[in-house]
Amino acid sequence: MSEFTGPDFYQKNFDPKAYLAMYYPLEGGTVHEHLQFVLKRLARIFSSGKVKGETIIDIGTGPTIYQLLSACEAFNNVIVSDFTDKNREELKAWLINQPGAFDWSPVVKYVCQLEGNRISWTEKEDRLRKAIKQVLRCDVMQNNPLSPVVLPQVDCILSCLCLEGACKDVEAYVTALKNITNLLKPGGYLVLTGVLGSHYYMVGEVWFSGLFLTEDIIKESLSGIGYIVENFETSAKQFWKEVSGFSDFFVLFARRSA
Ligand code: SAH
């Protein structure tokens, strides 16, 4: 059993540029199948009319914005958050369109297409940039993950590929879920994406631990803390075989009991 790589390890060793290059290779303008799977589900969830409101918080945003492109159609206020300084800086670089910021345009174009090309991809980028109101530090292991910032409970929480890395065991996973639920209004939605059967993943040359989860563990964890899981979809892994050990991707949404 290899060691758990905790938050301090992330702060020191998680290189956003290496992560983006490895997991979001967009040269040539192609969006790989995993991303397509997730983007299609997110587009469906956020256009359903069910998951909407004023404010959404993305937990463990990392250096990525793909997960927010459909969310910003259903929420005017988007709050993003991550534990590491470098990830928040990389995200801010994209927000202000700084030279050298990651080019998400193939993904933005793909999502516009999914949503019926109602607006151009540049309008979509503007919309998301305007919707993101705050970039906050976050630690899912704290009772209030956004401490010292205190926010009123919001309508929706999103978290993508974060908890598998942030939690050392299933007990910590349940605690982290409870902690992020403290930010959510009763009756609000949690949208979670991640991987099943995880062992590890690489970022550049650096090894990070991944928590082994199954569909049952996730569903039991959520129902145990008062969620009704309304949808859970998986897709077998086809990519990243060399750089990460896991079996499937999943996307779920669940409603916090009122
Ligand atoms: N959401 C992005 C990034 C996932 S990578 C994506 O979908 O690709 C995992 C992220 O979890 C990293 O950005 C890392 O900094 C963050 N993370 C790790 N431990 C955390 C913790 N304790 N609290 C909040 N975020 C954490």
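I started at A74, which lies in helix α4, residues 71–74. Helices here are DSSP runs of H or I with at least four residues, strands are runs of E with at least two, and both are numbered from the N terminus. This is a predicted model, where local features need pLDDT of at least 70, side-chain atom pairs count only at pLDDT 80 or more, and totals for chains, interfaces and linings use all residues. Residues are numbered from 1 along each chain as its sequence is written, and side-chain values use heavy atoms, with hydrogens and water left out.

I looked up the accessibility of A74. A74 counts as buried because its relative accessible area is 13%. The classes are buried under 20%, exposed over 50% and partly exposed in between, with a 1.4 Å probe and protein chains only. I then checked A74 against G53, 21 residues apart along the chain; their C-alpha atoms are separated by 6.6 Å.

Next I went to S81, in strand β2, residues 75–82. S81 has a relative accessible area of 1%, so it is buried. I also took the distance from S81 to S247, 166 residues apart along the chain. Their C-alpha atoms are separated by 27 Å.

**Entry: the ligand**

I asked which residues come nearest to the ligand. Of the 22 residues around it, these are Y19, Y24, G60, Y66 and D82. A residue counts as near if one of its heavy atoms lies within 4 Å of the molecule.

I sorted the shell by class: 13 nonpolar, seven polar and two charged residues. Nonpolar covers Ala, Val, Leu, Ile, Met, Phe, Trp, Tyr, Cys and Pro; charged covers Asp, Glu, Lys and Arg; the others, Gly among them, are polar.

I looked at polar contacts, meaning pairs of N or O atoms within 3.5 Å. An N or O atom in the side chain of Y19 is 2.6 Å from an oxygen atom of the ligand. A polar backbone atom of V140 is 3.0 Å from a ligand nitrogen atom. For C160, a backbone N or O atom lies 2.9 Å from a nitrogen atom of the ligand. The protein covers 100% of the 570 Å² of accessible area that the ligand has on its own. Those areas come from the Shrake-Rupley method with a 1.4 Å probe.

I noted where the ligand sits: in the largest cavity. On a 1 Å grid over the protein atoms alone, a cavity is a set of points where a 1.4 Å probe fits but cannot get out. A molecule sits in one if more than half of its atoms lie within 2 Å of its grid points.

**Entry: backbone checks in loops**

Most residues other than glycine have a negative phi, and most peptide bonds are trans.

N97 is not a glycine, yet has a positive phi of about 55°. I found N97 in the loop between α5 (85–95) and α6 (105–114). N97 counts as exposed because its relative accessibility is 54%.

L161 also is not a glycine and has a positive phi of about 55°. L161 is in the loop between β4 and α8 (163–166). Its relative accessible area is 23%, so L161 is partly exposed.

The peptide bond from S147 to P148 is cis, with omega near 10°. P148 is in the loop between β3 (132–137) and β4 (154–160).

**Entry: N182**

N182 counts as partly exposed because its relative accessibility is 37%.

Notes
A polar contact is a pair of N or O atoms within 3.5 Å; within protein, one must be able to donate a hydrogen and the other to accept it, and residues adjacent in sequence count only if both atoms are side-chain atoms. On a 1 Å grid over the protein atoms alone, a cavity is a set of points where a 1.4 Å probe fits but cannot get out, and a pocket is an open set with protein on both sides within 12 Å along at least five of seven lines; lining residues have an atom within 4 Å of a point.
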